[in-house]
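Student: I'd like to learn how to read a few features of a fold. Can we go through them with the model open?

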Amino acid sequence: RLLSAAELQLFHTLETVVGENFWVFTKVRVADLIEVRGLYGRDWWAAFSRVSQKHVDFLVASRKTLEVLMAIELDDRSHQISDRQKRDELLNAIFLQAGIPLIRFNLDYSTTHVRDALCEALQMLKAGHSKERARRL
């Protein structure tokens, strides 16, 4: 299966919430979203290797332009493990630096909660505040 049962449930919720104006993509590789800049040679490879095998659970993009609007992570029990928390901190920092909102949901989200979080992220993008810290919702 491409998605776990919990991820599939969130996917359906996201599809309902975003409607016809946006696409929801799954399992998007971070290296396809983020460009390592300002480093060269070994330093570039070291930075790239830190993100090359990581992905986000979901990505929301404009249906017209495919502009990336936000990334979404579903934090299940595995995110309580120390190694996973370090990975999450790295992703939070990467997306903050890139100016792409990273929204995190626990398993106890509601459709209203998802809708509110996505609307808030879109409002921040419109207002030019795309570098909001990733947060746990």
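Tutor: Helices (H or I, at least four residues) and strands (E, at least two) are DSSP runs, numbered from the N terminus. This is a predicted model, where local features need pLDDT of at least 70, side-chain atom pairs count only at pLDDT 80 or more, and totals for chains, interfaces and linings use all residues. Residues are numbered from 1 along each chain as its sequence is written, and side-chain values use heavy atoms, with hydrogens and water left out.

Student: In which strand does Lys27 lie, and what is its phi?

Tutor: Most residues other than glycine have a negative phi. Lys27 lies in strand 1, yet its phi is positive, about 50°. Leu66, in the loop between strand 2 and strand 3, also has a positive phi, of about 60°.

Student: Is Leu66 buried or exposed, or in between?

Tutor: Buried means under 20% relative accessible area, exposed over 50%, partly exposed in between (1.4 Å probe, protein chains only). Leu66 has 48%, so it is partly exposed. Lys27, with 28%, is partly exposed too.

Student: How do helix 1 and helix 4 pack?

Tutor: Two packed helices are described by the angle between their axes and the distance between the axes. Axes are lines fitted to C-alpha atoms, for helices over the stretch in contact, and angles run from 0 to 180 degrees between N-to-C directions. Helix 1 (residues 5-18) and helix 4 (residues 111-126) are at about 55°, with axes 10 Å apart. That makes helix 1 oblique to helix 4 (under 35 degrees is roughly parallel, over 145 roughly antiparallel, 65 to 115 roughly perpendicular, the rest oblique). Contact means heavy atoms within 4.5 Å; here Leu10, Thr13, Leu14, Val17 and Val18 of helix 1 meet Thr111, Val114, Arg115 and Leu118 of helix 4.

Student: How many residues has the largest nonpolar core?

Tutor: In soluble globular proteins, nonpolar side chains tend to be buried together. A nonpolar core is a set of buried Ala, Val, Leu, Ile, Met, Phe, Trp, Tyr and Cys residues joined through side-chain atoms within 4.5 Å. The largest one has 21 residues, and Leu10, Ile72, Phe105 and Leu118 have the most contacts inside it. Helix 1 gives the most to this core, with five residues. Apart from it lies another core, of 14 residues, among them Ala31, Val56, Leu90 and Ile94.

Student: What about Val56, and where is it found?

Tutor: Val56 is in strand 2 and counts as buried because its relative accessibility is 0%. Beyond its neighbours within four places in sequence, Val56 touches residues including Lys27, Leu33 and Phe95.
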